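Here's a quick question-and-answer tour for anyone meeting this structure for the first time. Have a look at it, then read on.

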Amino acid sequence: MSPFLDLPPLSAADFAAIEDRVAALLHTSADVIITQGEALLPLEAAIRGAAHPGSTALNIVTGPYGQTFGNWLRDCGAEVVDLAVPFDGAVSAKQVAAALEAHPAIDFVSLVHAEAATGNTNPVAEIAAVVRAHGALLMLDAVASVAAEPLLTDEWGVDLCVVGGQKAMGGPAGVSAVSVSDRAWERIAANPAAPRRSYLSLLDWKERWTDAGRTVLPHAPAQLEMLALGACLDRIAADGLPAVITRHRAAAAATRAGVRALGTLTPFVPEDAHAAPVATTVRTPPGLAATALAAELLRLDPALPVQPGGGALAAGMLRVNHYGRAASLETVLGVLTALATTLAADPAAARRAAEQAWEAAVRH
């Protein structure tokens with residue numbers, strides 16, 4: 001008998017309890033809606049609910065997902081101002097403030113907290129303060145940052161915060177969530193173009209579920225994914241969120257230190273302050289394709305959490321995914337040992353540098 005079959009139904013009370021636990025993880029008292037799909041579902045739902053013809057959006061592009069958000073915003077008829085910065089760094093609050101000053105009509109800002117695809121992270125607290133002072137709504141993609149670095153949704157003034165369970169939370173990919181502030185609900189409700197009677201409709205969920213007291217689910221939940229989400233929340237609670245965040249920071253610091261000690265490779269994001277704790281990206285030298293390097297590493301150990309960069313980045317960027325249970329010193333040392341073997345470098349120096357960086361990060 002399979003443990004995945006013939007399970008008792010997930011009740012509305014169970015579903016609501018998991019929503020409340022996600023809200024606690026996000027440090028928010030706002031409504032949290034769990035969506036039954038990968039995080040692109042609530043990200044698109046948030047944009048299509050808030051953007052409309054006549055609105056002006058500032059779309060901050062620090063990686064591939066920022067580019068996707070810009071396409072959705074334009075599809076909604078919004079005028080879009082793209083603030084694009086190199087993918088190997090972060091955007092600053094000063095740059096955001098200058099864009100808002102240059103375009104006073106901006107009433108919506110989309111931002112990715114951490115870009116796992118490029119390995120960078122953005123200073124959300126400082127950016128959110130500038131956005132709130134301007135009076136615009138802020139949507140944050142926190143899929144790759146939740147449980148890997150601090151995420152203070154209410155304190156920072158984030159209006160729409162989207163998270164997924166598959167990265168630092170160490171949970172499933174098939175379920176995600178979005179927190180919606182009162183300001184965001186007002187804007188979505190006033191938008192005649194906001195989706196209704198649609199899987200992308202946040203308003204449908206609000207009316208049929210949240211405002212109705214969360215006693216009857218609008219449709220059958222994705223039971224296995226919801227149980228897995230509850231289980232990963234249990235594990236985070238048992239470990240303690242600060243310890244989980246520290247573990248991810250230590251994994252990033254150790255990977256970056258070990259890579260530098262190898263000598264052949266360099267971090268794709270050069271500044272440590274701009275590096276995401278959830279994944280480390282590595283720049284390969286001319287003549288060494290990241291696709292070939294990743295293939296050789298996986299030949300040595302198919303369990304290594306490595307992959308080449310996506311799209312145009314595939315030629316020169318290797319990605320090391322140290323998130324969830326892979327945010328461990330053992331995983332980092334395994335990757336570094338395989339890299340040293342492939343590059344004919346000294347594994348002892350890389351391992352020593354990684355261990356020292358890990359200990360320093362844990363003590364800090």
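Helix axes here are lines fitted to C-alpha atoms, for helices over the stretch in contact, and angles run from 0 to 180 degrees between N-to-C directions. Helices (H or I, at least four residues) and strands (E, at least two) are DSSP runs, numbered from the N terminus. This is a predicted model, where local features need pLDDT of at least 70 and side-chain atom pairs count only at pLDDT 80 or more, while totals for chains, interfaces and linings use all residues. Residues are numbered from 1 along each chain as its sequence is written, and side-chain values use heavy atoms, leaving out hydrogens and water.

Q: Are H10 and H13 roughly parallel or roughly antiparallel?
A: Helix H10 (residues 241-262) and helix H13 (residues 347-363) have axes that come within 7 Å and cross at roughly 150 degrees. Angles under 35 degrees count as roughly parallel, over 145 as roughly antiparallel, 65 to 115 as roughly perpendicular and the rest as oblique. So H10 is, relative to H13, roughly antiparallel.

Q: Which residue forms a salt bridge with Asp-75?
A: A salt bridge is a side-chain nitrogen of Lys or Arg within 4 Å of a carboxyl oxygen of Asp or Glu. Asp-75 sits in helix H3 (residues 64-75) and its partner in helix H2 (residues 40-50), so the pair ties together parts 27 residues apart in sequence. The closest N and O atoms are 3.6 Å apart, and the partner is Arg-48.

Q: Is Arg-48 buried or exposed?
A: Buried means under 20% relative accessible area, exposed over 50%, and partly exposed in between (1.4 Å probe, protein chains only). Asp-75 counts as exposed, at 54% relative accessibility. Arg-48 has a relative accessible area of 19%, so it is buried.

Q: How many residues apart are Arg-283 and Asp-88?
A: These two side chains meet in a salt bridge (3.5 Å, N to O). Arg-283 is in strand E11 (residues 280-283), while Asp-88 is in the loop between strand E3 (79-84) and helix H4 (93-102). That pair links distant parts of the chain, and the separation is 195 residues.

Q: What is the relative accessible area of Lys-206?
A: Lys-206 pairs up with Asp-211 in a salt bridge, the closest N and O atoms being 3.2 Å apart. Asp-211 is partly exposed, with a relative accessible area of 48%. Lys-206, though, is buried, and its relative accessible area is 19%.
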